[in-house]
Amino acid sequence: MNILVVLIPVSVCLGAAGLAACLWTLRHGQYDDLDGDAARILLDDADAPPPRPLTKP
Amino acid sequence: MTLLACPGCVAAAHVADTAADAGSQAADAVYIALPQIRCAACISGVEAVLAALPSVASARVNLSAKRVRVVLSPGHDLSRALDALNEAGYEAHELDAAALRPAGDVEGRSLLARAAVAGFAMMNVMAISVAVWSGAGDATRAMFHWVSAAIALPALAFSAVPFFASAAVALKARRMNMDVPIALAIVLAAATSLYETIADTGAHTWFDAALSLTFFLLVGRYLEHRARASARSAAAELTALELPRATRLTAEGRETVDVAALCPGDRIALAAGARAPVDGTAERAAMIDRSALTGEAAPVAIAQGGAIGAGEVILGAPLTLRVTRRAEDSALRRLAALVEIAETGRHRYSGLADRTARLYAPVVHGLAAAAFVLWWAVTGDLHHAIAVATATLIITCPCALALAIPAVTAAMTGRLFRAGVLLKSPTALERLAEVDCVLFDKTGTLTEGVARLPDLDPAAASVALALAQASDHPASRALAASLAQHAPALLEDLHETPGAGISGLWDGALVCLWRGADGPELHLPDRRIPLPMRETPRPGAAEAIARLRRDGFDVAMLTGDGADRAADLAARLGIERVHADIRPADKAALVHQMAAQGKRVLMVGDGLNDTAALAGAHASLAPATALDAARVASDGVMLAGDLRGVCDTLDLARRARRRIRQNLILAAVYNAVAIPVAVTGLATPLMAAAVMSSSSILVVLNAVRR
């Protein structure tokens, strides 16, 4: 059962990391233009990705 | 480039590197509306055009909002960018940044963040709960409960705030809404679970049930928010398109100022066809169009020094206006304020959701209380009685019921938005579904302002234009407007005979625009061309009315014009009931009178004269060309000029009502099964989590199916 002492914190930390990543994308406006992002994937300008305006939270 | 190109970007073929960001700051960004963009090629095309300009530091297209955010280089303005876009074939309009809400959707983001936290916590707690459900031993289970509590309590404290806030507001106002039982269930579940954890009595904890309840409801709420936010931001964009600027004449020359900065005594220049932004007096005799305010289609002549109200359109020639009142005191603003008062009357309409909540909440709370009392009395076990009451609240918690209505409204509002109809009010769909009578305003709603003429050869057209431009008669004005793409011919010795027509010399020969049997006639040296002038119905008007009548709606037309003109148009469109020659106040009175007879009126109108009727009607729609006040007063705005949008809206509203009823029945059946299980004390947290999720998913699927 001692393995739980390691496994539970690890699983919680992994989940928290995922949550932090999700909140980071949210704060950087990655869900503001879903239609545009779906269309942009078709553009062949891979070497010069357009800058994303950072909206200050 | 190997992309499919939409019509909006056919004209723009070249693609260069996209704009580079130059330390953009949110503060000096400006927005340009691009109503026609709809594909990837448009995005790269617009960004390429803007990147090539020295005045633009960076540009980024937002396809969902159909606009581009531009950061200008210091010392430049937007005019070059607009010209460049228009040249490249993209329709572009400057947007008033003050009228737009901040680009980032703050409320949506916070809902998503709360849903993300609830989802994260739900998954972790459920993973731990699986161990408890499959029979973890004493010490392990106690530890698992403590870990669950450590994750769930902070997560609930953050995620469930919208429900707590809404429930608190409702309770303070002594109302009942769906959030009251939700908030109570979450609080009770968290509190009893915490007690179980501390006391370690070996009973179940409900952390996972409380979290999954919060998560599903937040997802539903986010979906609803998205559907409505896109409609709202488009409506805000319509307002932002009208730049509140005026050209002030000063001793040094002309300057562009905000309308809000105008003071009494200022002189402002108004071009022909411009709308007066404030109340004032004319510095010379002029013709003005009051149709937006009073509904009279004919222009009004005013003398030098005559009063012009905000919202009136200057015809014929440019005019200098001396400001008499500040913008916020103008007659237009006062009318708009009246509309706001009328609107609050409609807010009293309580949606189906609230009515269901009023019925549902006491039943569920009563059942939970009864179960608690019964179990306590029969077994004498206070602890078990609380557990049963909690189970009852959680398992019957209106997961399905609270999702049933928002999910349908979200799906249908989104569908209407894609069809070009924006709904603003949350209860608009329900009210539209109840409509049985449709009233149309005539000028501007059923008809387009521009008269359509027979095809003229270029020479005849340019002569007609030159003659028409010389007169301020309404017929001439309409003629001039419909021939605006031609160049006027050079005429000499122009002479107007009041009530008959206008004549002049064209290369020495007499030409004239003279009153004929039906409308004006153009007399050229060698021939005579009749120019029958009629008001042109909007596209789809006749079909829309035929369809409405076939579907059993009572259709009528309202107009400030005389009975003859109105009857002619009504006959062409197939409307039997016409209320002609009525004043704005009569329109509202008529709507009230019909409401008193038990009719549910849908008002469709565009002018300031319609606003009182729009606000007073059971439901209302306005075309996108309507005045700002009319758009504010109505429940929905039709972006496409096509009146068939009215029929589609009513169809979808009725379908939404059917879907909501189905969902409520589904939820009721679910509760009929779940409540006895919970009250008899048989429900476990595992059961609650499984049953609650499946009923929510079922309701959402029913809402989004075609």
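1. Two strands are said to pair if DSSP finds at least two bridges between them, where helices (H or I, at least four residues) and strands (E, at least two) are DSSP runs numbered from the N terminus. On that basis strand E25 (residues 601-604) of chain B and strand E26(B) pair in the parallel sense over 3 bridges, and the bridge partner of Val604(B) in E26(B) is Leu621(B).

2. This is a predicted model, in which local features need pLDDT of at least 70 and side-chain atom pairs count only at pLDDT 80 or more, while totals for chains, interfaces and linings use all residues. Residues are numbered from 1 along each chain as its sequence is written, chains are lettered from A and ligands numbered from 1 in the order in which they are written, and side-chain values use heavy atoms, with hydrogens and water left out.

3. Strand E26 (residues 619-623) of chain B has 5 of its 5 residues buried, so it is largely enclosed by the rest of the structure; buried means under 20% relative accessible area, exposed over 50%, and partly exposed in between, with a 1.4 Å probe and protein chains only. Both faces of E26(B) are covered, with Ala619(B), Leu621(B) and Pro623(B) buried on one side and Ser620(B) and Ala622(B) buried on the other.

4. Strand E1 (residues 29-33) of chain B pairs with strand E3 (residues 67-72) of chain B in the antiparallel sense over 5 bridges, and Arg67(B) in E3(B) is the bridge partner of Ala33(B).

5. Axes here are lines fitted to C-alpha atoms, for helices over the stretch in contact, and angles run from 0 to 180 degrees between N-to-C directions; contact means heavy atoms within 4.5 Å.

6. Helix H6 (residues 179-199) of chain B packs against helix H11 (residues 382-396) of chain B at an angle of about 145 degrees, with the axes 9 Å apart. The residues making the contact include Leu184(B), Leu188(B) and Tyr195(B) of H6(B), and Ile386(B) and Leu393(B) of H11(B). Ala191(B) also lies in helix H6 of chain B and, at 42% relative accessibility, counts as partly exposed. The C-alpha atoms of Ala191(B) and Leu153(B), 38 residues apart along the chain, are separated by 9.4 Å.

7. Which aromatic rings pair? Rings of Phe, Tyr and Trp (its six-membered ring) pair if their centres lie within 6.5 Å, with planes under 30 degrees apart counted as stacked, over 60 as edge-to-face and the rest as tilted; by this rule the count comes to 2 aromatic pairs over all chains. The rings of Phe215(B) and Phe216(B) have centres 5.8 Å apart and planes at 65 degrees, so this pair is edge-to-face. Phe215(B) is partly exposed at 21% relative accessibility, and Phe216(B) is buried at 18%. The rings of Phe372(B) and Trp376(B) have centres 5.7 Å apart and planes at 35 degrees, so this pair is tilted.
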